[in-house]
Amino acid sequence: MNKYTNIHDVANIPETIQEAIQLKENPFSHKNLGVDKTLLMLFFNASLRTRLSTEKAAKNLGMNVMILNVNDTWNLEFEEGTVMNLNKSEHVIEAAQVISQYADIIAVRAFPSLTDKEKDTSEWILNSFLKYATVPIINMESATMHPLQALADAITIEELKIIQKPKVVLSWAPHPKALPQAVANSFVKMMQSLETNFSITHPKGYELNSKITKNTPIYYNQKEALKDADFVYAKNWSSYESYGKVLHQDSDWMLTKEKLKTAKFMHCLPVRRNIIVEDAVLDGENSVVIQQSANRVFSAQIVLKKILENL
Ligand code: CP
């Protein structure tokens with residue numbers, strides 16, 4: 001594998017999930033694979049889980065890890081052919097090539113603006129690194145995708161499912177701020193790639209990009225969607241059609257113990273308690289959010305392992 005920018009960069013997803021579960025049983029089984037290799041993680045935005053789990057995964061494989069918070073360095077220019085006479089001091093053309101001199105793999109986190117749909121959809125930051133870096137790139141959440149999260153989510157469902165084809169529902173939930181669609185998009189693509197009975201529920205106006213949802217069933221009635229669910233994945237996202245807008249914050253869409261019944265509750269975290277989901281769910285026995293976070297290590301580790309094997 002020579003990059004991981006979306007879930008389809010892995011050749012066989014079900015096989016990769018099984019390999020990740022094996023790594024979890026023996027995390028140090030390939031501790032020499034990454035010796036004398038460096039992972040350099042670039043953060044344009046904040047992170048708790050992605051930063052720590054990816055660093056841990058790299059160290060489990062014997063890699064060195066460097067982290068650069070991009071806000072601490074020169075203001076980067078991404079436009080090509082521009083006259084750099086304003087506040088941008090360095091072009092990504094040089095920056096990506098320079099960083100490639102110090103790293104064997106570069107991982108990038110860069111959220112969308114949520115104000116410029118065309119630019120966000122073009123994945124201009126991630127694609128600039130793909131274009132100009134000379135080493136493999138890993139997506140640690142870009143404008144439209146969060147593939148490391150989706151792989152961790154799939155590992156979690158595989159570990160917990162008790163029937164071959166579980167019913168999985170992605171439910172929109174309220175949030176006071178405009179959030180990206182990336183987690184939802186990658187989860188949708190992952191569920192479409194696996195053997196699940198998958199559907200999405202959200203209020204009208206929150207339709208995700210139809211090129212991603214394709215023919216996945218969409219319910220505007222959350223109660224109907226959640227009926228007999230085995231797994232409920234809660235996530236907020238801002239409107240795709242009215243790009244980046246918070247259309248409403250209807251607390252009727254909060255996930256509650258009463259709505260979930262026996263379904264396992266999933267969320268990528270961080271989560272706003274009693275806005276997205278009530279305490280009784282998060283503190284209850286059916287919440288698997290901590291297991292999802294633990295599996296972030298093994299989604300990153302299997303991806304790093306496959307890239308290191310190809311260096
Ligand atoms: N789920 C997730 O990506 O968490 P962080 O934003 O803390 O990395």
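The model is predicted, so to speak of a local feature takes a pLDDT of at least 70 and side-chain atom pairs count only at pLDDT 80 or more, while totals for chains, interfaces and linings use all residues. Residues are numbered from 1 along each chain as its sequence is written.

The protein splits into domain 1 (7–145 + 296–309) and domain 2 (147–292), with bounds from an automatic or database domain assignment. Their C-alpha centres are 25 Å apart. Across the boundary, 26 residues of domain 1 are in contact with 24 of domain 2 (C-beta atoms, placed from the backbone, within 7 Å). On the domain 1 side, α1 (13–25), α2 (49–60) and α12 (289–308) each supply at least two of the touching residues; helices are DSSP runs of H or I, at least four residues, and strands runs of E, at least two, numbered from the N terminus.

Both domains give residues to the shell around the ligand, so the ligand lies between them. Among the residues surrounding it are Arg49, Thr50, Glu141 and Gln149.

As for α2, its 12 residues reach 16 Å from first C-alpha to last, close to the expected 16 Å (1.5 Å times one less than the number of residues). Thr50, Ser53, Thr54, Ala57, Ala58 and Asn60 of α2 are buried, that is, 20 or more other C-beta atoms lie within 10 Å of their own, with C-beta atoms placed from the backbone. The buried residues of α2 pack against β1 (38–43), β2 (64–69), β5 (105–109), α6 (147–160) and α12. After α2 comes Gly62, with a positive phi near 85 degrees.

Technical notes:
Near = placed C-beta within 6 Å. Contact = placed C-beta atoms within 7 Å. Buried ≥ 20, exposed ≤ 12 C-beta atoms within 10 Å, placed from the backbone.
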